Amino acid sequence: MDSTLEPHEIAAAIVDRAATWLPVSSWWLASADPSGHISFLAEQAPAPHLSAAVHAVARWVLERGQIFTAADLRRDGRIKAEAAAAMLAFPLISRDACVGVLVCAESGRSSREPRLAPTTLREMRILLSPAAAALDKAL
């Protein structure tokens, strides 16, 4: 990722790599500009009907710098969503700030809340740390 300073190329590389870690059908990488406008820098097999929900989740994660999980977005009180989807979103933290959000989703609700073991979460943070720094440098 250090070979480019193009945010879209870095984001695409992050999404491509992350899609090999978890068997999820739709991926996005979102970031906000200084005015707070959120845009998708990269997508892989995005489900168009989930775009509004992904924006809402990305905003939530960008504001808090915390992982977001939901078995059914329609029933989640943190955001307002009309689409049924299970979702995981990971903050990309660089220099103590959330510079982006890696979001993965499956259409339809899940019978269980998406959960990753603490060890897996720690490893995800370690794996995403250099990616977050590269994205931060490019933005």
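The residues lining the largest pocket of this predicted model divide into 10 nonpolar, 1 polar and 4 charged. This pocket has a volume of about 260 Å³, and of the 15 residues that line it, Ala-86, Leu-88, Glu-113, Pro-114 and Arg-115 are the closest to its centre. Two strands, β4 (85–94) and β5 (97–107), each supply at least two residues of that lining.

The second largest pocket holds about 220 Å³ of space, and among its 15 lining residues the closest to the centre are Ser-31, Ala-32, Asp-33, Val-99 and Leu-139. Here β1 (26–32), β2 (38–44), α2 (51–64) and β5 each give at least two residues to the lining, which by class has 8 nonpolar, 3 polar and 4 charged residues.

The strand β4, which contributes to the lining of the largest pocket, is mostly covered, with 9 of its 10 residues buried. Its pairings are set out below.

| Strand pair | Sense | Bridges | Partner residues |
|---|---|---|---|
| β4 and β5 | antiparallel | 10 bridges | Phe-90 with Leu-102 in β5 |

Which residue takes a positive phi in the hairpin of β4 and β5? In this hairpin, where 2 residues stand between the strands, Arg-95 has a positive phi near 50°. The strand β5, joined to β4 by antiparallel pairing over 10 bridges, supplies at least two residues to the lining of the largest pocket and at least two to that of the second largest pocket.

Definitions and conventions. Residues are numbered from 1 along each chain as its sequence is written. This is a predicted model: local features need pLDDT of at least 70, side-chain atom pairs count only at pLDDT 80 or more; totals for chains, interfaces and linings use all residues. Side-chain values use heavy atoms; hydrogens and water are left out. On a 1 Å grid over the protein atoms alone, a cavity is a set of points where a 1.4 Å probe fits but cannot get out, and a pocket is an open set with protein on both sides within 12 Å along at least five of seven lines; lining residues have an atom within 4 Å of a point. Grid points are joined across faces, edges and corners, and a volume is the space filled by probe spheres set on the points. Helices (H or I, at least four residues) and strands (E, at least two) are DSSP runs, numbered from the N terminus. Ala, Val, Leu, Ile, Met, Phe, Trp, Tyr, Cys and Pro count as nonpolar, Asp, Glu, Lys and Arg as charged, and the others, Gly among them, as polar. Buried means under 20% relative accessible area, exposed over 50%, partly exposed in between (1.4 Å probe, protein chains only). Two strands pair if DSSP finds at least two bridges between them.
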